[in-house]
Amino acid sequence: MKRYLPFLIVAAVALITVGTGVALYRSQKLPTPTAAKDSADPGLHVRGDAKALVTLEEFGDFECPPCSVMSVTLHQLEKEYHGKLRVIFRHFPLAMHPHARAAAHAAEAAHQQGKFWEMHDLLYQKQAQWSKGVDVPSLFPGFAGELGLDLERFKKDMASAEIAARVTADHELGKSRLVTSTPTIFINNVALPPTSTNPPGVRAAIEAAIKEKSKP
Amino acid sequence: MSKSAKKNREKNGAASGSRARVILYSIAAVFCLAGLADATYLSVIAFTGETAACSGQAGCFEVLGSSYARVAGVPVALLGALGYFTAFTFAIFAAFNYKRAPKFFALTVCLMFAATLWFLYLQAFVLHAYCRYCLFSAAITFLLMGLVVATPSPRTRTE
């Protein structure tokens, strides 16, 4: 029996590893997000030329560190593909992030004063600072002050039902398109596979979309 | 000292050396299992794409989402899992006193150690981001390398 014991141990570990891996894969496999049926939205946050060859739509969460990394990447890509890339941002505050919704409200309140993207960038830049804070919503007026916004109006807007509804509408839209994690990216209305939702993957997808659109 | 007493002492020394090796290879096998669990988890998230969310860690996202995380389309984590499984197999056989297992175990660990140094270099100097799962794996490989260095050379052998 002792002669076979090492073989049995190795075989048992192999079986347990493969079994656990398959079970984990099945439990974690994400559904594929679906394309938008209608992108007409008056409150849409868009950056770039409306006639750009590529439209990149991101569902993001201001408290999500990978989204913060992605925002830097998107800025670089916008410079590289100037005129060819249009970026759309939609809110998808995840339940696991306790301050993500308040941050989304702050961005929307800044939008009321024409500074959505400035607040968007500031929230990501200072994410490490505010996401670990104690009374987080009280920090956002400080950011509004940095952007030179009307603070009274900002605070009022942050607490308004209209803005809450705007954030909820984006979140519901994301859910209806099977978005489950952030960042989720659609390029020309086609969902980027989660395995490609990273800086090199996004760049490759943009290149492919430009080639596709440039075909005669 | 009589001849038989000397012989007994040598015999006892060989037995305690063998016991020490069995203990060290068993510890190595346990370390390999920890590394295997870590690498299996990373392989699964590489295939499901959960890398994107990556439990909300920016460093993890940057490292596992980088072009260095795959070799010819195969996730590096999967190669790591195979490496840990191979090392585990040789550690078990070495613990059971199989003749060539210690050499193969040492060779596997040396290769994994070299790969670990490369990945640490990439994280520190190329990506400027650290993934805690990768650091855990690096720590395991360092420990395995320490065990390879510390393990006494085998004397008693079976088939």
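How many bridges join strand E1 (residues 45-47) of chain A to E3(A), and in which sense do the two run? Three bridges join them, and the strands run antiparallel. Here, helices (H or I, at least four residues) and strands (E, at least two) are DSSP runs, numbered from the N terminus, and two strands pair if DSSP finds at least two bridges between them.

Before we go on, a word about the model. It is predicted, so local features need pLDDT of at least 70 and side-chain atom pairs count only at pLDDT 80 or more, while totals for chains, interfaces and linings use all residues. Residues are numbered from 1 along each chain as its sequence is written, chains are lettered from A and ligands numbered from 1 in the order in which they are written, and side-chain values use heavy atoms, leaving out hydrogens and water.

**The sheet of chain A**

Chain A holds an open sheet of five strands in the order E1-E3-E2-E4-E5, with mixed pairing. Its edge strands are E1 and E5 (190-191), each of which pairs on one side only. On one side of E3(A), A:Val46 has A:Ile88 as its bridge partner. Strand E2 (residues 54-60) of chain A pairs with E3(A) in the parallel sense over seven bridges, and there A:Val54 is partnered by A:Leu85. Together with helix H2 (residues 65-80) of chain A, E2(A) and E3(A) make a right-handed β-α-β unit; right-handed means that, with the strands pointing away from the viewer, the path from the first strand over the helix to the second runs clockwise. Strand E4 (residues 184-187) of chain A is joined to E5(A) by two bridges in antiparallel fashion, with A:Ile187 opposite A:Val190.

Buried means under 20% relative accessible area, exposed over 50%, and partly exposed in between (1.4 Å probe, protein chains only). In a regular strand the side chains alternate between the two faces of the sheet. In E3(A), A:Leu85, A:Val87, A:Phe89 and A:His91 point one way, and A:Arg86, A:Ile88 and A:Arg90 the other.

**Where the chains meet**

Chain B and chain A each give 30 residues to the contact (heavy atoms within 4.5 Å). The two bury about 2400 Å² between them, 80% of it on carbon and sulfur atoms; this is the accessible area (1.4 Å probe) that two parts lose on being put together, summed over both. In chain B, B:Thr48, B:Phe61 and B:Phe96 lose the most area to chain A, together 24% of what that side buries. Between the chains there are zero salt bridges, meaning a side-chain nitrogen of Lys or Arg within 4 Å of a carboxyl oxygen of Asp or Glu. On the side of chain B that touches chain A, the largest share, nine residues, comes from H1(B).

**Local details**

The peptide bond from A:Thr182 to A:Pro183 is cis, with omega near -5°. A:Pro183 is in the loop between helix H8 (161-176) and E4 of chain A. Two residues of chain B other than glycine have positive phi:

| Residue | Phi | Relative accessible area |
|---|---|---|
| B:Ala72 | near 50° | 79%, exposed |
| B:Asn97 | about 65° | 18%, buried |

B:Ala72 sits in the loop between strands E1 (70-71) and E2 (74-75) of chain B, whereas B:Asn97 lies in the loop between H3 and helix H4 (101-127) of chain B.
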